[in-house]
Amino acid sequence: MEDSLKYLTRMDDETLRQLMQTYGQDVWNYAYLITKRHDAADDISQEVFVKVYTHICQYRGESSVKTWILSITRNTSFNYRRLAFFRKVLLTGFIRAPGTEASAEKQAMDLILTDSLWESVMRLPKKYREVLVLDARYDMSLKEIARLLGISEGAVKSRLYRARAKVSDSLKEDVEYGTI
């Protein structure tokens, strides 16, 4: 599908529908990661796919479609945050990995660990949080992350290392203090 998108001057509804099905949840999650607001992530997701629909002719195929769409998501999310009415709110819910069929006790323990992990990730400074999620959740290469963020691959490596160390330290503190 990526090769065929390079030469489009106009997108048809079916192609847009396929892109939304393929990348919709990733777009929403990334918008949520940046804004920490469910309503903002909803609005941004819609806006992103309107931009994809209207600007398909700008896709040059220099990166994957996923990277291009997440780049639009990032820019749209930061523009949203810059708006005068945007104000910071506390994160009240966390993204949870889908549970497997297990005992209620195991599911409860998994949720506690997942919540603790996401709390640690969400407490990270934005520059560390962003590279960690792009690497772990979206499985992007260092090169793709660097291109998306407009930084060098070395900076991505450094931020990933620091992010992982901070999350690890945070989880160790939680264990020491008995919060997990």
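## A pair in helix α3

Lysine 51 and glutamate 47 sit four residues apart in helix α3 (residues 38-54), about one turn of the helix. Helices here are DSSP runs of H or I with at least four residues, numbered from the N terminus. The two side chains meet in a salt bridge (3.4 Å, N to O), meaning a side-chain nitrogen of Lys or Arg within 4 Å of a carboxyl oxygen of Asp or Glu. Lysine 51 is partly exposed at 25% relative accessibility, and glutamate 47 is partly exposed at 38%. For these labels, buried is under 20% relative accessible area, exposed is over 50%, and partly exposed is in between (1.4 Å probe, protein chains only).

This is a predicted model: local features need pLDDT of at least 70, side-chain atom pairs count only at pLDDT 80 or more, and totals for chains, interfaces and linings use all residues. Residues are numbered from 1 along each chain as its sequence is written, and side-chain values use heavy atoms, leaving out hydrogens and water.

The whole structure holds six salt bridges. Among them, glutamate 14 pairs with arginine 17, with the closest N and O atoms 3.3 Å apart. These two are three residues apart in helix α2, so about one helical turn separates them. Another joins aspartate 39 and arginine 37 (2.7 Å, N to O); here aspartate 39 is partly exposed at 38%, while arginine 37 is buried at 16%.

## Helix α6

Eight of the eleven residues of α6 are buried, so this helix is largely enclosed by the rest of the structure. The buried residues include Tyr128, Val131 and Leu132.
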